[in-house]
Amino acid sequence: MEKLNLGSFKNSSEWYEVQRKIKDKQRDMKRFEEMANKKYTKSNSISEKNNLQRQYKEILNRYSKEIIELNRKAYIKWATRILSIWKKKQIALLKEKFYKLIPKEPYYIIGANKKKVYIRPEQAKQQADELVNAIVNAVYDKLKEGIDKYGRLPSGGNWGNYRALAGHKGEVQCNEWSSIIEKSCFNIILSYVKKDKNTFQMIWKNVSRIIYIRGEHNWMEFKRIGDNKIVIIDPWPSGGRKIYSKKTYKNREGSPLTTYPEYP
């Protein structure tokens, strides 16, 4: 599951379960309606009839709200389950990509003190695991926030940007995605820098708004220090449904906005 798909709610067990609950609510509502109609027909009191009409409207309004809430909770339960499956598969996918940056044999890198540092593959893989978990958890949390607060995922791409500019909540623009990834990974890399065992470099790439038609775009790249192979992290085009990207958006090269660590 490289890309998250939340389009099959109506085929889920959560959907069928909530439909049964809704049918129970509808039966209760129908029984009340029949009882209220009988009382209304038999009554000769205008005040009693008015009271029955008021009660009916109140209960109908309450039932409608309860049905909406049942649907909302069922959707969140289903989406959270699908998200959890997607999260595990994203972690496996990104680990595979990060591991490809690591040599199979022990190697040397230039450390923070600008001296050669001996790194074993298992050390680098441990750091890769921490980075991957941080990246996927950060994106997962943002997607879960959208589902819990707004009942949907971010739109993604330029359409998401337009919606954000129009004031729609729950959209995430590319610079925000890059900031989320950077914040999730910075302290991990910092901890390895302090131990002088850091293997990876994190680069925030940016295409500036020089020509209007090109617009502006931000994404993150990870590489092994001293090597040119990269892992591109760009959730923006898909609205977070897809984290890893085989190539940059529209094959743009971009320039480093920030690089951490800056050496060598």
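Does Lys144 count as buried or exposed, and at what relative accessibility? At 17% relative accessibility, Lys144 counts as buried, where buried means under 20% relative accessible area, exposed over 50% and partly exposed in between (1.4 Å probe, protein chains only). The model is predicted: local features need pLDDT of at least 70, side-chain atom pairs count only at pLDDT 80 or more, and totals for chains, interfaces and linings use all residues. Residues are numbered from 1 along each chain as its sequence is written, and side-chain values use heavy atoms, with hydrogens and water left out.

Lys144 is part of helix H3, residues 121-150. Helices (H or I, at least four residues) and strands (E, at least two) are DSSP runs, numbered from the N terminus. Leaving aside residues up to four places away in sequence, Lys144 touches Ile76, Thr80 and Leu83. Contact here means heavy atoms within 4.5 Å.

The chain contains 5 helices and 7 strands. Their order from the N terminus is α-α-β-β-α-α-α-β-β-β-β-β. The radius of gyration is 27 Å, well over the 18 Å that the globule rule gives for 264 residues, so the chain is more spread out than a compact globule. This radius is taken over C-alpha atoms, and the rule is 2.2 Å times the number of residues to the power 0.38. Along the principal axes, the C-alpha atoms fill a box of roughly 95 × 45 × 30 Å. Of the 264 residues, 43% count as buried. Among contacts between residues at least 6 apart in sequence, 68% join residues at least 24 apart.

Aromatic pairs number 10 in the structure. Rings of Phe, Tyr and Trp (its six-membered ring) pair if their centres lie within 6.5 Å; planes under 30 degrees apart count as stacked, over 60 as edge-to-face and the rest as tilted. Phe32 and Tyr56 are stacked, at 6.4 Å centre to centre and 5° between the planes. This pair links distant parts of the chain, with Phe32 in helix H1 (residues 13-42) and Tyr56 in helix H2 (residues 46-99), 24 residues apart. Phe32 is buried at 15% relative accessibility. Tyr56, at 25%, is partly exposed. The ring centres of Trp236 and Tyr249 lie 5.0 Å apart with planes at 90°, so this pair is edge-to-face. Trp236 is buried, with a relative accessible area of 2%. Phe9, Trp15, Tyr75 and Trp78 form one aromatic cluster.
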